[in-house]
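Let's take a walk through this structure, starting where two chains meet and then moving on to how the pieces inside each one are put together.

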Amino acid sequence: MDQRIEINRRNWNERTPIHVASDLYNVEGFKAGRITLSDIEIDELGSVAGKSLLHLQCHFGMDTMSWARLGAEATGVDLSDASIVVAQGLNDELGLGVRFIRSNIYDLPNVLQERFDVVYTALGALCWLPDLTMWAQIIARYLKRGGTFYMLDEHPTGRIFASVQNADGGYDLETENQYFPNPDGLLDDGERNSYTGSDTIKTPVYEWQHSMSEIVNALIGADLKIEYVHEYPYSFFQALPQMRKRIDGWWELDEYRGNIPFMLSIKASI
Amino acid sequence: MNEKFDIIRRNWNERTPIHAASDFYDVESFRSGKITLTDIEIEEIGSVTGKTLLHLQCHFGMDTMSWARLGADVTGVDISDVAIDLANELSDELGLSARFIRSNVYDLPEILAQQFDIVYTAIGALCWLPDMTAWAQIVARFLKPGGIFYILDGHPTSHIFESIPASDGSESLKPIHPYFPQPEGIYDAGGGCAYTGSDVIETPSYEWQHSMSEIVNAIIDAGLTIEKLNEFPVSGYRAHPQMTRHDDGWWRLDENHGTIPFLYSIKATK
(Lines give C-alpha, C1' and ligand atoms only; values in the text may rest on other atoms or scores of the structure.)
Protein backbone atom coordinates (compact mmCIF):
# COMPACT_ATOMS: atom_id res chain seq x y z
CA MET A 1 0.00 0.00 0.00
CA ASP A 2 1.08 3.54 -0.74
CA GLN A 3 2.50 4.81 2.56
CA ARG A 4 1.26 8.28 1.74
CA ILE A 5 -2.34 7.08 1.77
CA GLU A 6 -1.74 5.49 5.18
CA ILE A 7 -0.42 8.86 6.40
CA ASN A 8 -3.56 10.51 5.07
CA ARG A 9 -5.77 7.91 6.82
CA ARG A 10 -4.21 8.86 10.17
CA ASN A 11 -4.59 12.55 9.37
CA TRP A 12 -8.30 12.16 8.65
CA ASN A 13 -8.75 10.05 11.79
CA GLU A 14 -7.36 12.98 13.77
CA ARG A 15 -9.47 15.52 11.87
CA THR A 16 -12.79 13.70 12.22
CA PRO A 17 -13.72 14.55 15.86
CA ILE A 18 -12.55 18.14 15.32
CA HIS A 19 -14.74 18.44 12.22
CA VAL A 20 -17.70 16.79 13.96
CA ALA A 21 -17.51 19.39 16.75
CA SER A 22 -17.13 22.36 14.36
CA ASP A 23 -19.61 25.03 13.34
CA LEU A 24 -18.59 24.45 9.72
CA TYR A 25 -20.00 20.91 9.68
CA ASN A 26 -22.89 21.83 12.03
CA VAL A 27 -23.86 18.24 12.90
CA GLU A 28 -26.78 19.42 15.07
CA GLY A 29 -28.36 21.10 12.05
CA PHE A 30 -27.91 17.88 10.10
CA LYS A 31 -29.50 15.85 12.91
CA ALA A 32 -32.48 18.21 12.78
CA GLY A 33 -33.01 17.40 9.11
CA ARG A 34 -30.76 19.76 7.17
CA ILE A 35 -29.67 18.79 3.65
CA THR A 36 -25.92 19.53 3.62
CA LEU A 37 -25.58 19.48 -0.19
CA SER A 38 -25.14 22.69 -2.14
CA ASP A 39 -27.68 24.07 -4.60
CA ILE A 40 -25.17 23.47 -7.38
CA GLU A 41 -24.96 19.76 -6.67
CA ILE A 42 -28.71 19.33 -6.25
CA ASP A 43 -29.47 21.25 -9.48
CA GLU A 44 -26.75 19.62 -11.56
CA LEU A 45 -27.18 16.01 -10.47
CA GLY A 46 -30.97 16.29 -10.63
CA SER A 47 -33.44 13.85 -9.06
CA VAL A 48 -31.85 10.90 -7.29
CA ALA A 49 -35.15 9.38 -6.12
CA GLY A 50 -34.93 5.59 -6.32
CA LYS A 51 -31.39 5.66 -7.68
CA SER A 52 -28.40 3.82 -6.23
CA LEU A 53 -25.59 6.27 -5.44
CA LEU A 54 -21.97 5.62 -4.51
CA HIS A 55 -20.26 8.51 -2.71
CA LEU A 56 -16.47 8.23 -2.91
CA GLN A 57 -14.43 9.95 -0.16
CA CYS A 58 -17.53 10.64 1.93
CA HIS A 59 -15.80 11.75 5.18
CA PHE A 60 -18.36 11.20 7.99
CA GLY A 61 -21.24 10.95 5.59
CA MET A 62 -23.55 13.94 6.01
CA ASP A 63 -23.61 14.57 2.25
CA THR A 64 -24.13 10.85 1.58
CA MET A 65 -27.05 10.77 4.03
CA SER A 66 -28.42 14.00 2.52
CA TRP A 67 -28.70 12.21 -0.85
CA ALA A 68 -30.56 9.45 1.08
CA ARG A 69 -32.92 12.09 2.45
CA LEU A 70 -33.50 13.14 -1.19
CA GLY A 71 -34.49 9.58 -2.07
CA ALA A 72 -31.25 7.88 -3.15
CA GLU A 73 -30.17 4.45 -2.02
CA ALA A 74 -26.76 5.62 -0.86
CA THR A 75 -23.40 3.99 -0.12
CA GLY A 76 -20.53 6.04 1.28
CA VAL A 77 -16.85 5.11 1.22
CA ASP A 78 -14.07 6.78 3.14
CA LEU A 79 -10.45 6.11 4.01
CA SER A 80 -10.81 7.11 7.66
CA ASP A 81 -11.91 4.60 10.30
CA ALA A 82 -13.01 7.39 12.65
CA SER A 83 -15.11 9.00 9.90
CA ILE A 84 -16.88 5.77 9.04
CA VAL A 85 -17.62 5.09 12.74
CA VAL A 86 -19.21 8.56 13.08
CA ALA A 87 -21.12 8.08 9.81
CA GLN A 88 -22.55 4.75 10.99
CA GLY A 89 -23.45 6.24 14.37
CA LEU A 90 -25.36 9.11 12.74
CA ASN A 91 -27.04 6.78 10.29
CA ASP A 92 -28.20 4.46 13.10
CA GLU A 93 -29.40 7.36 15.22
CA LEU A 94 -31.34 8.95 12.36
CA GLY A 95 -32.52 5.72 10.70
CA LEU A 96 -31.44 6.80 7.20
CA GLY A 97 -30.66 3.37 5.75
CA VAL A 98 -27.25 4.27 4.30
CA ARG A 99 -24.36 1.81 3.99
CA PHE A 100 -20.85 2.99 4.90
CA ILE A 101 -17.62 1.22 3.97
CA ARG A 102 -14.14 2.03 5.21
CA SER A 103 -11.78 1.72 2.28
CA ASN A 104 -9.15 3.48 0.28
CA ILE A 105 -11.00 4.06 -3.01
CA TYR A 106 -8.26 2.30 -4.99
CA ASP A 107 -8.86 -0.88 -2.92
CA LEU A 108 -12.65 -0.68 -3.07
CA PRO A 109 -13.01 -3.50 -5.64
CA ASN A 110 -11.66 -5.86 -2.93
CA VAL A 111 -14.73 -5.22 -0.76
CA LEU A 112 -17.54 -3.97 -3.04
CA GLN A 113 -18.79 -5.66 -6.22
CA GLU A 114 -22.07 -4.05 -7.33
CA ARG A 115 -22.67 -1.18 -9.78
CA PHE A 116 -24.52 2.10 -9.24
CA ASP A 117 -26.73 4.55 -11.12
CA VAL A 118 -24.68 7.47 -9.79
CA VAL A 119 -21.08 7.83 -8.64
CA TYR A 120 -20.54 11.11 -6.81
CA THR A 121 -17.57 12.92 -5.32
CA ALA A 122 -17.45 16.39 -3.82
CA LEU A 123 -15.73 19.32 -2.22
CA GLY A 124 -12.17 18.62 -1.26
CA ALA A 125 -11.67 15.10 -2.58
CA LEU A 126 -9.29 14.91 -5.54
CA CYS A 127 -6.39 16.61 -3.73
CA TRP A 128 -6.08 13.50 -1.51
CA LEU A 129 -5.61 11.15 -4.46
CA PRO A 130 -2.23 10.50 -6.08
CA ASP A 131 -3.44 8.81 -9.26
CA LEU A 132 -6.39 10.02 -11.32
CA THR A 133 -6.04 7.41 -14.06
CA MET A 134 -6.81 4.66 -11.54
CA TRP A 135 -9.42 6.85 -9.84
CA ALA A 136 -11.35 7.23 -13.10
CA GLN A 137 -11.12 3.49 -13.73
CA ILE A 138 -12.65 2.90 -10.29
CA ILE A 139 -15.51 5.26 -11.19
CA ALA A 140 -16.11 3.43 -14.48
CA ARG A 141 -15.92 0.07 -12.64
CA TYR A 142 -18.78 1.10 -10.34
CA LEU A 143 -21.13 2.72 -12.85
CA LYS A 144 -23.98 0.83 -14.45
CA ARG A 145 -24.20 1.19 -18.23
CA GLY A 146 -25.90 4.57 -18.77
CA GLY A 147 -24.94 5.68 -15.25
CA THR A 148 -23.85 9.19 -14.28
CA PHE A 149 -20.65 10.42 -12.68
CA TYR A 150 -20.81 13.82 -11.04
CA MET A 151 -18.17 15.80 -9.20
CA LEU A 152 -17.92 19.28 -7.67
CA ASP A 153 -14.47 20.17 -6.35
CA GLU A 154 -11.74 22.79 -6.22
CA HIS A 155 -10.66 24.26 -9.56
CA PRO A 156 -6.97 23.65 -10.25
CA THR A 157 -6.52 27.32 -11.21
CA GLY A 158 -7.79 28.47 -7.81
CA ARG A 159 -5.08 26.38 -6.17
CA ILE A 160 -2.15 28.25 -7.75
CA PHE A 161 -2.74 31.33 -5.57
CA ALA A 162 -1.45 31.99 -2.06
CA SER A 163 -2.00 34.96 0.24
CA VAL A 164 0.92 36.79 1.78
CA GLN A 165 0.39 39.27 4.59
CA ASN A 166 1.44 42.80 3.61
CA ALA A 167 2.68 45.79 5.63
CA ASP A 168 -0.86 47.24 5.83
CA GLY A 169 -2.10 44.15 7.68
CA GLY A 170 -3.99 43.01 4.58
CA TYR A 171 -3.13 40.28 2.14
CA ASP A 172 -1.49 40.24 -1.26
CA LEU A 173 -2.49 37.53 -3.67
CA GLU A 174 0.58 35.78 -5.05
CA THR A 175 0.82 33.38 -7.98
CA GLU A 176 3.09 30.70 -6.61
CA ASN A 177 1.78 27.12 -6.57
CA GLN A 178 2.09 24.67 -9.41
CA TYR A 179 -0.87 24.36 -11.77
CA PHE A 180 0.43 21.15 -13.26
CA PRO A 181 0.20 17.75 -11.54
CA ASN A 182 2.85 16.76 -9.01
CA PRO A 183 2.91 12.94 -8.84
CA ASP A 184 5.18 13.01 -5.77
CA GLY A 185 2.61 14.97 -3.79
CA LEU A 186 3.25 17.75 -1.29
CA LEU A 187 3.87 16.77 2.32
CA ASP A 188 2.36 19.02 4.95
CA ASP A 189 4.22 18.27 8.19
CA GLY A 190 1.20 18.82 10.37
CA GLU A 191 0.69 21.32 13.21
CA ARG A 192 -1.61 23.30 10.91
CA ASN A 193 -5.11 24.55 11.63
CA SER A 194 -7.92 22.54 10.18
CA TYR A 195 -10.08 24.36 7.63
CA THR A 196 -12.91 24.25 10.19
CA GLY A 197 -11.27 26.59 12.70
CA SER A 198 -8.34 27.02 15.04
CA ASP A 199 -7.86 23.44 16.24
CA THR A 200 -4.44 22.12 15.37
CA ILE A 201 -4.01 18.96 13.29
CA LYS A 202 -0.76 17.33 14.42
CA THR A 203 -0.45 14.46 11.94
CA PRO A 204 1.13 15.10 8.55
CA VAL A 205 -0.76 14.81 5.28
CA TYR A 206 -0.04 14.51 1.56
CA GLU A 207 -1.81 16.52 -1.12
CA TRP A 208 -1.69 16.29 -4.89
CA GLN A 209 -2.41 18.96 -7.51
CA HIS A 210 -4.46 17.81 -10.50
CA SER A 211 -4.84 19.97 -13.61
CA MET A 212 -8.07 20.33 -15.57
CA SER A 213 -6.63 18.32 -18.43
CA GLU A 214 -5.47 15.53 -16.10
CA ILE A 215 -8.97 15.22 -14.61
CA VAL A 216 -10.76 15.36 -17.98
CA ASN A 217 -8.36 12.99 -19.72
CA ALA A 218 -8.54 10.47 -16.87
CA LEU A 219 -12.32 10.32 -17.21
CA ILE A 220 -12.18 10.09 -21.02
CA GLY A 221 -9.48 7.40 -20.72
CA ALA A 222 -11.83 5.34 -18.54
CA ASP A 223 -14.42 5.49 -21.35
CA LEU A 224 -16.62 8.06 -19.68
CA LYS A 225 -18.21 10.64 -21.95
CA ILE A 226 -17.96 14.20 -20.63
CA GLU A 227 -21.38 15.88 -20.74
CA TYR A 228 -20.20 19.22 -19.39
CA VAL A 229 -17.65 21.10 -17.34
CA HIS A 230 -18.80 24.07 -15.27
CA GLU A 231 -16.59 26.61 -13.54
CA TYR A 232 -17.46 28.91 -10.63
CA PRO A 233 -15.81 32.13 -9.36
CA TYR A 234 -16.35 31.22 -5.67
CA SER A 235 -15.28 28.52 -3.25
CA PHE A 236 -16.94 26.13 -0.81
CA PHE A 237 -14.43 27.08 1.88
CA GLN A 238 -12.21 29.98 2.85
CA ALA A 239 -9.46 28.97 0.44
CA LEU A 240 -7.68 32.33 0.95
CA PRO A 241 -7.80 34.43 4.15
CA GLN A 242 -9.12 37.52 2.35
CA MET A 243 -12.18 35.62 1.09
CA ARG A 244 -15.56 36.73 2.40
CA LYS A 245 -18.58 34.47 2.91
CA ARG A 246 -21.56 35.45 0.79
CA ILE A 247 -25.15 35.31 1.98
CA ASP A 248 -25.62 32.13 -0.05
CA GLY A 249 -22.71 30.43 1.77
CA TRP A 250 -20.04 30.49 -0.97
CA TRP A 251 -16.71 32.23 -0.36
CA GLU A 252 -15.39 34.85 -2.76
CA LEU A 253 -12.67 37.46 -3.17
CA ASP A 254 -13.53 41.17 -3.20
CA GLU A 255 -10.33 42.20 -4.97
CA TYR A 256 -9.99 40.23 -8.25
CA ARG A 257 -13.60 39.02 -7.99
CA GLY A 258 -14.58 37.02 -11.08
CA ASN A 259 -10.99 36.66 -12.24
CA ILE A 260 -10.30 33.24 -10.72
CA PRO A 261 -12.29 30.02 -11.05
CA PHE A 262 -12.36 28.36 -7.61
CA MET A 263 -14.65 25.39 -8.27
CA LEU A 264 -15.40 23.09 -11.15
CA SER A 265 -18.10 20.52 -11.70
CA ILE A 266 -18.08 17.73 -14.23
CA LYS A 267 -20.91 15.49 -15.33
CA ALA A 268 -20.04 12.41 -17.36
CA SER A 269 -21.83 9.27 -18.43
CA ILE A 270 -20.89 5.76 -19.45
CA MET B 1 -22.26 42.51 -34.16
CA ASN B 2 -21.47 42.97 -37.86
CA GLU B 3 -19.93 46.31 -36.96
CA LYS B 4 -17.60 44.60 -34.48
CA PHE B 5 -16.51 42.09 -37.14
CA ASP B 6 -15.87 44.94 -39.53
CA ILE B 7 -13.71 46.67 -36.94
CA ILE B 8 -11.74 43.44 -36.45
CA ARG B 9 -11.41 42.99 -40.21
CA ARG B 10 -9.93 46.46 -40.57
CA ASN B 11 -7.62 45.87 -37.62
CA TRP B 12 -6.24 42.71 -39.23
CA ASN B 13 -5.94 44.47 -42.58
CA GLU B 14 -3.67 47.00 -40.86
CA ARG B 15 -1.73 44.31 -39.01
CA THR B 16 -1.04 42.09 -42.00
CA PRO B 17 1.81 44.02 -43.70
CA ILE B 18 3.40 44.69 -40.29
CA HIS B 19 3.25 41.00 -39.42
CA ALA B 20 4.49 39.96 -42.87
CA ALA B 21 7.56 42.20 -42.43
CA SER B 22 8.29 41.00 -38.87
CA ASP B 23 10.99 38.67 -37.55
CA PHE B 24 8.22 36.96 -35.57
CA TYR B 25 6.53 35.66 -38.74
CA ASP B 26 9.84 35.32 -40.64
CA VAL B 27 8.28 35.01 -44.11
CA GLU B 28 11.70 34.53 -45.78
CA SER B 29 12.30 31.26 -43.92
CA PHE B 30 8.83 30.12 -44.88
CA ARG B 31 9.64 30.91 -48.54
CA SER B 32 12.74 28.74 -48.27
CA GLY B 33 10.74 25.77 -47.03
CA LYS B 34 10.23 26.16 -43.30
CA ILE B 35 7.28 24.41 -41.63
CA THR B 36 5.80 27.09 -39.38
CA LEU B 37 3.73 24.65 -37.29
CA THR B 38 4.74 23.80 -33.73
CA ASP B 39 5.93 20.37 -32.59
CA ILE B 40 2.83 20.15 -30.41
CA GLU B 41 0.47 20.51 -33.37
CA ILE B 42 2.39 18.16 -35.65
CA GLU B 43 2.55 15.43 -33.00
CA GLU B 44 -1.00 15.76 -31.76
CA ILE B 45 -2.72 15.92 -35.16
CA GLY B 46 -0.53 13.18 -36.62
CA SER B 47 -0.19 12.44 -40.32
CA VAL B 48 -2.25 14.66 -42.63
CA THR B 49 -1.09 13.05 -45.86
CA GLY B 50 -3.91 12.92 -48.38
CA LYS B 51 -6.39 14.46 -45.93
CA THR B 52 -8.56 17.48 -46.54
CA LEU B 53 -7.94 20.20 -43.95
CA LEU B 54 -9.89 23.39 -43.26
CA HIS B 55 -7.93 26.04 -41.35
CA LEU B 56 -10.24 28.55 -39.69
CA GLN B 57 -8.83 32.04 -38.96
CA CYS B 58 -5.69 31.33 -41.01
CA HIS B 59 -4.26 34.92 -41.11
CA PHE B 60 -1.93 35.05 -44.18
CA GLY B 61 -1.72 31.29 -44.43
CA MET B 62 1.81 30.14 -43.54
CA ASP B 63 0.47 27.49 -41.13
CA THR B 64 -2.15 26.44 -43.69
CA MET B 65 0.51 26.07 -46.40
CA SER B 66 2.78 24.22 -43.94
CA TRP B 67 0.07 21.57 -43.64
CA ALA B 68 0.08 21.46 -47.45
CA ARG B 69 3.84 20.90 -47.36
CA LEU B 70 3.12 17.97 -44.99
CA GLY B 71 0.75 16.47 -47.54
CA ALA B 72 -2.70 17.85 -46.71
CA ASP B 73 -5.20 19.18 -49.24
CA VAL B 74 -5.76 22.54 -47.54
CA THR B 75 -8.26 25.39 -47.42
CA GLY B 76 -7.63 28.49 -45.32
CA VAL B 77 -10.24 31.03 -44.24
CA ASP B 78 -9.64 34.48 -42.77
CA ILE B 79 -11.66 37.62 -42.13
CA SER B 80 -8.95 39.95 -43.48
CA ASP B 81 -8.88 40.84 -47.20
CA VAL B 82 -5.23 41.87 -47.01
CA ALA B 83 -4.25 38.62 -45.26
CA ILE B 84 -6.03 36.49 -47.88
CA ASP B 85 -4.44 38.48 -50.73
CA LEU B 86 -1.00 37.85 -49.24
CA ALA B 87 -1.79 34.16 -48.65
CA ASN B 88 -2.81 33.79 -52.32
CA GLU B 89 0.38 35.57 -53.45
CA LEU B 90 2.61 33.31 -51.35
CA SER B 91 0.75 30.23 -52.50
CA ASP B 92 1.16 31.24 -56.19
CA GLU B 93 4.80 32.22 -55.76
CA LEU B 94 5.72 28.96 -54.01
CA GLY B 95 3.50 26.75 -56.13
CA LEU B 96 1.77 25.35 -53.07
CA SER B 97 -1.67 24.07 -53.81
CA ALA B 98 -3.84 25.79 -51.22
CA ARG B 99 -7.21 27.45 -51.50
CA PHE B 100 -7.83 30.67 -49.53
CA ILE B 101 -11.22 32.18 -48.82
CA ARG B 102 -11.96 35.56 -47.29
CA SER B 103 -14.79 35.15 -44.84
CA ASN B 104 -15.86 35.67 -41.31
CA VAL B 105 -16.00 32.15 -39.74
CA TYR B 106 -19.69 32.54 -38.95
CA ASP B 107 -20.62 33.37 -42.59
CA LEU B 108 -18.59 30.55 -44.12
CA PRO B 109 -21.54 28.18 -44.79
CA GLU B 110 -22.88 30.79 -47.25
CA ILE B 111 -19.88 30.30 -49.56
CA LEU B 112 -18.39 26.87 -48.73
CA ALA B 113 -20.36 23.64 -48.86
CA GLN B 114 -17.92 20.72 -48.60
CA GLN B 115 -16.86 18.75 -45.51
CA PHE B 116 -13.29 18.04 -44.39
CA ASP B 117 -11.27 15.29 -42.69
CA ILE B 118 -9.72 17.86 -40.36
CA VAL B 119 -10.83 21.25 -39.10
CA TYR B 120 -7.94 23.11 -37.50
CA THR B 121 -7.53 26.29 -35.46
CA ALA B 122 -4.23 27.65 -34.18
CA ILE B 123 -2.81 29.98 -31.53
CA GLY B 124 -4.50 33.35 -31.12
CA ALA B 125 -7.85 32.62 -32.72
CA LEU B 126 -10.78 32.27 -30.32
CA CYS B 127 -10.23 35.67 -28.67
CA TRP B 128 -11.50 37.26 -31.92
CA LEU B 129 -14.80 35.36 -31.82
CA PRO B 130 -17.78 36.46 -29.73
CA ASP B 131 -19.88 33.29 -29.80
CA MET B 132 -18.46 29.84 -29.00
CA THR B 133 -21.76 28.00 -29.46
CA ALA B 134 -22.15 29.21 -33.06
CA TRP B 135 -18.41 28.69 -33.69
CA ALA B 136 -18.51 25.03 -32.60
CA GLN B 137 -21.54 24.44 -34.82
CA ILE B 138 -19.53 25.80 -37.76
CA VAL B 139 -16.70 23.40 -36.87
CA ALA B 140 -19.12 20.47 -36.79
CA ARG B 141 -20.80 21.66 -40.01
CA PHE B 142 -17.50 21.41 -41.92
CA LEU B 143 -16.35 18.05 -40.50
CA LYS B 144 -17.01 14.76 -42.24
CA PRO B 145 -18.48 12.08 -39.94
CA GLY B 146 -15.44 10.61 -38.18
CA GLY B 147 -13.43 13.76 -38.92
CA ILE B 148 -11.10 15.42 -36.42
CA PHE B 149 -11.25 18.88 -34.93
CA TYR B 150 -8.01 20.17 -33.43
CA ILE B 151 -7.21 23.46 -31.73
CA LEU B 152 -4.08 24.81 -30.04
CA ASP B 153 -4.72 28.21 -28.48
CA GLY B 154 -3.97 30.52 -25.56
CA HIS B 155 -5.17 29.07 -22.25
CA PRO B 156 -8.01 31.08 -20.65
CA THR B 157 -6.18 30.97 -17.31
CA SER B 158 -3.16 32.71 -18.84
CA HIS B 159 -5.38 35.58 -20.02
CA ILE B 160 -6.16 36.69 -16.46
CA PHE B 161 -2.58 37.66 -15.62
CA GLU B 162 -0.67 40.92 -15.89
CA SER B 163 2.87 41.45 -14.67
CA ILE B 164 2.97 44.25 -12.12
CA PRO B 165 6.40 45.71 -11.31
CA ALA B 166 7.22 45.49 -7.60
CA SER B 167 9.30 48.09 -5.71
CA ASP B 168 12.36 45.80 -5.82
CA GLY B 169 12.23 45.73 -9.63
CA SER B 170 10.84 42.20 -9.87
CA GLU B 171 7.63 41.41 -11.70
CA SER B 172 4.62 40.01 -9.86
CA LEU B 173 1.88 38.06 -11.68
CA LYS B 174 -1.56 39.33 -10.66
CA PRO B 175 -5.00 38.06 -11.78
CA ILE B 176 -6.15 41.39 -13.22
CA HIS B 177 -8.55 40.24 -15.94
CA PRO B 178 -11.80 38.26 -15.77
CA TYR B 179 -11.54 34.51 -16.32
CA PHE B 180 -15.20 34.16 -17.18
CA PRO B 181 -16.72 35.00 -20.59
CA GLN B 182 -17.93 38.51 -21.27
CA PRO B 183 -20.31 38.37 -24.22
CA GLU B 184 -20.08 42.12 -24.94
CA GLY B 185 -16.32 41.82 -25.50
CA ILE B 186 -13.48 44.14 -24.57
CA TYR B 187 -12.90 47.15 -26.80
CA ASP B 188 -9.32 48.07 -27.61
CA ALA B 189 -9.20 51.65 -28.91
CA GLY B 190 -6.01 51.01 -30.88
CA GLY B 191 -2.66 52.75 -30.62
CA GLY B 192 -0.93 49.78 -28.93
CA CYS B 193 1.94 47.72 -30.29
CA ALA B 194 1.50 44.64 -32.47
CA TYR B 195 2.62 41.42 -30.75
CA THR B 196 5.36 41.12 -33.37
CA GLY B 197 7.33 44.15 -32.17
CA SER B 198 7.15 47.89 -31.65
CA ASP B 199 4.95 48.84 -34.61
CA VAL B 200 1.79 50.60 -33.56
CA ILE B 201 -1.62 49.34 -34.69
CA GLU B 202 -3.88 52.37 -35.00
CA THR B 203 -7.22 50.67 -35.72
CA PRO B 204 -9.35 49.63 -32.76
CA SER B 205 -10.37 46.06 -32.08
CA TYR B 206 -12.55 43.81 -29.96
CA GLU B 207 -11.51 40.75 -28.00
CA TRP B 208 -13.49 38.14 -26.11
CA GLN B 209 -12.43 35.96 -23.18
CA HIS B 210 -13.62 32.36 -23.33
CA SER B 211 -13.36 30.08 -20.31
CA MET B 212 -12.28 26.46 -20.63
CA SER B 213 -15.76 25.26 -19.74
CA GLU B 214 -17.34 27.54 -22.37
CA ILE B 215 -15.05 26.14 -25.08
CA VAL B 216 -15.41 22.50 -24.01
CA ASN B 217 -19.18 22.69 -23.61
CA ALA B 218 -19.61 24.41 -27.00
CA ILE B 219 -17.69 21.58 -28.68
CA ILE B 220 -19.72 18.91 -26.83
CA ASP B 221 -23.02 20.66 -27.57
CA ALA B 222 -22.17 20.73 -31.29
CA GLY B 223 -22.17 16.93 -31.18
CA LEU B 224 -18.41 16.37 -31.12
CA THR B 225 -16.72 13.98 -28.68
CA ILE B 226 -13.71 15.35 -26.79
CA GLU B 227 -10.83 12.89 -27.12
CA LYS B 228 -8.06 14.82 -25.42
CA LEU B 229 -7.54 18.08 -23.56
CA ASN B 230 -3.91 19.03 -22.97
CA GLU B 231 -2.37 21.99 -21.18
CA PHE B 232 1.13 23.42 -21.54
CA PRO B 233 3.30 25.70 -19.33
CA VAL B 234 4.81 27.41 -22.39
CA SER B 235 3.77 30.32 -24.60
CA GLY B 236 4.30 31.06 -28.28
CA TYR B 237 5.13 34.70 -27.53
CA ARG B 238 6.53 36.80 -24.69
CA ALA B 239 3.33 37.11 -22.70
CA HIS B 240 5.19 38.61 -19.71
CA PRO B 241 8.45 40.58 -19.53
CA GLN B 242 10.02 38.01 -17.18
CA MET B 243 9.58 35.19 -19.73
CA THR B 244 12.59 33.90 -21.64
CA ARG B 245 12.74 32.10 -24.95
CA HIS B 246 14.20 28.60 -24.76
CA ASP B 247 16.04 26.65 -27.44
CA ASP B 248 12.83 24.86 -28.41
CA GLY B 249 11.32 28.24 -29.38
CA TRP B 250 8.75 28.35 -26.56
CA TRP B 251 8.62 31.17 -24.02
CA ARG B 252 8.66 30.17 -20.35
CA LEU B 253 8.42 31.77 -16.93
CA ASP B 254 11.72 30.76 -15.36
CA GLU B 255 10.81 31.64 -11.82
CA ASN B 256 7.32 30.21 -11.20
CA HIS B 257 7.56 27.85 -14.18
CA GLY B 258 4.50 25.62 -14.15
CA THR B 259 2.27 27.95 -12.16
CA ILE B 260 0.38 29.06 -15.27
CA PRO B 261 -0.90 27.05 -18.23
CA PHE B 262 -0.26 29.25 -21.29
CA LEU B 263 -1.58 26.96 -24.02
CA TYR B 264 -4.18 24.23 -24.31
CA SER B 265 -5.07 21.86 -27.09
CA ILE B 266 -8.27 19.96 -27.74
CA LYS B 267 -8.77 17.06 -30.09
CA ALA B 268 -12.36 16.08 -30.78
CA THR B 269 -14.11 13.81 -33.27
CA LYS B 270 -17.41 14.02 -35.05
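Keep in mind that this is a predicted model. Start at the contact, to which chain B brings 30 residues and chain A brings 28 residues. On the side of chain B that touches chain A, at least two residues each come from strand S7 (171-175), helix H7 (212-221) and strand S12 (225-232) of chain B. S12(B) gives the most, with 7 residues.

Staying in chain B, have a look at helix H1 (residues 2-20) and helix H5 (residues 81-94), which pack with their axes 7 Å apart, at an angle of about 40 degrees. H1(B) and H5(B) are therefore oblique to each other. On the H1(B) side the contact is made by B:Trp12, B:Asn13, B:Thr16 and B:Ala20, and H5(B) answers with B:Asp81, B:Val82, B:Ala83 and B:Leu86. That contact splits into 5 nonpolar, 2 polar and 1 charged.

Now hop over to chain A, where 7 strands make an open sheet of mixed pairing, running S3-S2-S1-S4-S5-S15-S12. Strand S3 (99-102) and strand S12 (225-232) of chain A are the edge strands, each pairing on one side only. Direction ignored, neighbouring strands of this sheet are turned by 15 degrees against each other on average.

Within chain A, zoom in on strand S5 (residues 143-154) and strand S15 (residues 263-269), an antiparallel pair joined over 7 bridges. For A:Phe149, the bridge partner in S15(A) is A:Ala268. Finally, helix H6 (residues 132-142) of chain A lies across strand S1 (52-56), strand S4 (116-122) and S5 of that chain, and runs at about 140 degrees to S5(A).

Methods: Residues are numbered from 1 along each chain as its sequence is written. Chains are lettered from A and ligands numbered from 1 in the order in which they are written. This is a predicted model: local features need pLDDT of at least 70, side-chain atom pairs count only at pLDDT 80 or more; totals for chains, interfaces and linings use all residues. Two residues are in contact if their C-beta atoms, placed from the backbone, lie within 7 Å. Helices (H or I, at least four residues) and strands (E, at least two) are DSSP runs, numbered from the N terminus. Axes are lines fitted to C-alpha atoms, for helices over the stretch in contact, and angles run from 0 to 180 degrees between N-to-C directions. Angles under 35 degrees count as roughly parallel, over 145 as roughly antiparallel, 65 to 115 as roughly perpendicular and the rest as oblique. Ala, Val, Leu, Ile, Met, Phe, Trp, Tyr, Cys and Pro count as nonpolar, Asp, Glu, Lys and Arg as charged, and the others, Gly among them, as polar. Two strands pair if DSSP finds at least two bridges between them.
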